[in-house]
2 protein chains.
Amino acid sequence: MRRDASELVGRALAGDRAGIAKLISLVEQGGEGADAAVARLFPHTGRAYTIGITGAPGSGKSSLTDKLIGRMRAGGDEVGVLAIDPTSPFTGGAILGDRVRMQDHATDEGVYIRSMATRGHLGGLSLATPQAVRILDAAGKPWILIETVGVGQVEVEVAGAADTTIVVVNPGWGDAVQANKAGLMEIADLFVVNKADRDGAADTVRDLNAMLDFSGELEWRPRILQTVATTGQGIDELWSAINEHRAFLEGGERLKARRDARLRDEVQRIVRARLEQQVVQRAGADRFDKLLAQVSRRELDPYAAADELLGE
Amino acid sequence: MRRDASELVGRALAGDRAGIAKLISLVEQGGEGADAAVARLFPHTGRAYTIGITGAPGSGKSSLTDKLIGRMRAGGDEVGVLAIDPTSPFTGGAILGDRVRMQDHATDEGVYIRSMATRGHLGGLSLATPQAVRILDAAGKPWILIETVGVGQVEVEVAGAADTTIVVVNPGWGDAVQANKAGLMEIADLFVVNKADRDGAADTVRDLNAMLDFSGELEWRPRILQTVATTGQGIDELWSAINEHRAFLEGGERLKARRDARLRDEVQRIVRARLEQQVVQRAGADRFDKLLAQVSRRELDPYAAADELLGE
């Protein structure tokens, strides 16, 4: 490991903000150095509790995050926030938008807010995010909020890989349908119907309940909460529900099992990403498309195409 | 290619039943020889229309298959049937059960019925089944029915990789819920509520419609049909719906696009299976579990575990 990376590890462990920021930037950019640095932090992780917050743009995720930060800070705990934006490869560090939306905490030293895109990390944000979470965890943040910008596949995957996952929808028929289509039913531990002072909130609660009924019997039936994040209405109940879900997971080894399953999944994804990287390096995307066109015309069978890709 | 495999290819192309049977057995057993043989058949494929039929055990899939075979034979067409059973590694050739359930056609030379398990094919049944379909396709069967024994993950995947996929449920609330849980909503082109003379058929139709409503707008909204396969009730309507869906796909390049997407998916799965095979060969399953236990105890980070698996 390079000497400055080694120094960054020490600074991050001490909770130094600039050290944390540089290390997360390294992870975003990707490369062996970043992963080697985080490997040094790994033995110091596993203490933070992670909360994923996902939902369509404009549903009020950042306002809810802001209010949750307030609850955590009221208890004296430090908080790390990662805003995941796969659509913005040039975001770089924390963007102005986050600071505006979470303005109550912009000057609070106990809160670390950071936007994340990916510019090169192997496996993209679904592998870079757990690395960034580890940096905040090792830096001593007991709560880490992972907020997504939208509900794309990566964002759903990343938000779903948290201890507690919150899915935010708004009143109206369309949102429950969209949530189902986006694969949010599978990852939600809590549903929040935000902007619940608008027409149709009760309908949305009913729709979500109907969709949960269709999911059959569940060990944990996701709670459905109604909030108005801008006024703070319903935040007490949301905070209680988060802690109720945490207590549920911490009972009977469920949290450990869930985290072990995530680690297993991550190792498999790293292996797969490295192997696919090798294949792509040998045969570019153009070559893959050309081979598939040949398969489609029956000039080449699928196994021969795979062999060509594998360079046999 | 071995000389006898080459001879089998010629016999299968001529529609010889014993040649087809031996070639499918080769594909089940796996190995380079089988895939090389099917590669020889590949230019002669793409003419057959495939229909996947899936649903819980006892829902009446085989009786429906039997009735559909009758329709196809009434038009003078030959039919190939693959019964997919991932739970039975020792099934081998056609089992007695199939012949009993599809007894109307057991002695009809225009119908080829075969159970399929997998004993060694790389990637299991999800890669072996398309190879078996190719054998029947090259042998000149214009219709190929792929019937699953249950609704496990492999069976859903295999049945979903057909031109038209039929999901069979029975009257009663539970079945629609189970269908949703098993991931059948995503793959169904047609729903058949079989045993529709029993109580609750209308409820099941309503439940399925409600679940389809939650799927948002669809280019093709799956038809919902009611049948009593044992008496033949509703089979006319089912046959019409199959042909309606086929006409839909054959309009506007949809069928080609769907088949190209399947081929793309297959090539990627072959590449992945071969790469993962290499990893497993280097490090057995025991080694993988031991490494994960170390990761869980924070003795090893996920990237180091992946590197060890990759033998770096």
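Mentor: Let's take helix packing, the chain contact, the core and a few loop residues. Keep in mind that this is a predicted model.

Trainee: Okay, helices. At what angle do α2(A) and α6(A) pack?

Mentor: About 165°, with the axes 9 Å apart. Here α2 covers residues 17–29 and α6 covers residues 125–138, both of chain A.

Trainee: So which way do they run relative to each other?

Mentor: Roughly antiparallel, because angles over 145 degrees count that way. The crossing is right-handed.

Trainee: Which residues make that contact?

Mentor: From α2(A), Ile20(A), Leu23(A), Ile24(A), Val27(A) and Glu28(A). From α6(A), Ala128(A), Gln131(A), Ala132(A), Ile135(A) and Leu136(A).

Trainee: How do they split by class?

Mentor: Eight nonpolar, one polar and one charged.

Trainee: Next pair. How far apart are the axes of α13(A) and α14(A)?

Mentor: 10 Å, at an angle of about 165°. Helix α13(A) is residues 285–296, and α14(A) is residues 302–310. That angle therefore makes the two roughly antiparallel. Helix α13(A) passes α14(A) in a right-handed crossing.

Trainee: And who touches whom there?

Mentor: Phe288(A), Leu291(A), Leu292(A) and Val295(A) come from α13(A). Pro302(A), Ala305(A), Glu308(A) and Leu309(A) come from α14(A). Seven residues of this contact are nonpolar, none is polar and one is charged.

Trainee: What sits in the loop between α13 and α14 of chain A?

Mentor: Arg298(A), for one. Its phi is positive, about 65°, although the residue is not a glycine.

Trainee: Why flag that?

Mentor: Because most residues other than glycine have a negative phi.

Trainee: Is Arg298(A) buried, exposed or partly exposed?

Mentor: Partly exposed, because it has 13 C-beta neighbours inside 10 Å.

Trainee: Which other non-glycine residue has a positive phi, of about 60°?

Mentor: Lys195(A). That residue lies in the loop between β6 (190–194) and α10 (201–213) of chain A.

Trainee: Buried or exposed, that Lys195(A)?

Mentor: Buried. It has 23 C-beta neighbours inside 10 Å, and 20 or more is enough.

Trainee: Switching to chain B. Where is Asp199(B)?

Mentor: In the loop between β6 (190–194) and α10 (201–213) of chain B. In space, Asp199(B) is 7.4 Å from Gly172(B), C-alpha to C-alpha. In sequence the two are 27 residues apart.

Trainee: Now the contact between the chains. How many residues does each chain give?

Mentor: Chain A gives 36 residues and chain B gives 36 residues.

Trainee: Which elements on the chain A side give two or more?

Mentor: α3 (32–41), α8 (173–181), α12 (254–282), α13 and α14 of chain A. The largest share comes from α12(A), with 11 residues.

Trainee: And the classes on that side?

Mentor: 21 nonpolar, six polar and nine charged.

Trainee: Last one, the core. How many residues are in the largest nonpolar core?

Mentor: 182. Those with the most contacts inside it are Ile135, Ile146 and Phe191 of chain A, plus Ile135(B), Ile146(B) and Phe191(B). Ile135(A) also takes part in the contact of α2(A) with α6(A).

Trainee: What does Phe191(B) contact, leaving aside neighbours within four places in sequence?

Mentor: Val167(B), Val169(B), Leu208(B), Pro222(B), Ile224(B) and Leu225(B).

Technical notes:
Residues numbered from 1 in each chain as written. Chains lettered and ligands numbered in written order. Predicted model: local features only at pLDDT ≥ 70, side-chain atom pairs only at ≥ 80, totals over all residues. Axes fitted to C-alpha atoms, helices over the stretch in contact; angles between N-to-C directions. Helix = DSSP H or I, 4+ residues; strand = E, 2+ residues; numbered from the N terminus. Parallel < 35°, antiparallel > 145°, perpendicular 65-115°, else oblique. Left-handed = near helix turned anticlockwise from the far one by under 90°. Contact = placed C-beta atoms within 7 Å. Nonpolar A, V, L, I, M, F, W, Y, C, P; charged D, E, K, R; others polar. Core = buried A, V, L, I, M, F, W, Y, C linked by C-beta atoms within 7 Å. Buried ≥ 20, exposed ≤ 12 C-beta atoms within 10 Å, placed from the backbone.
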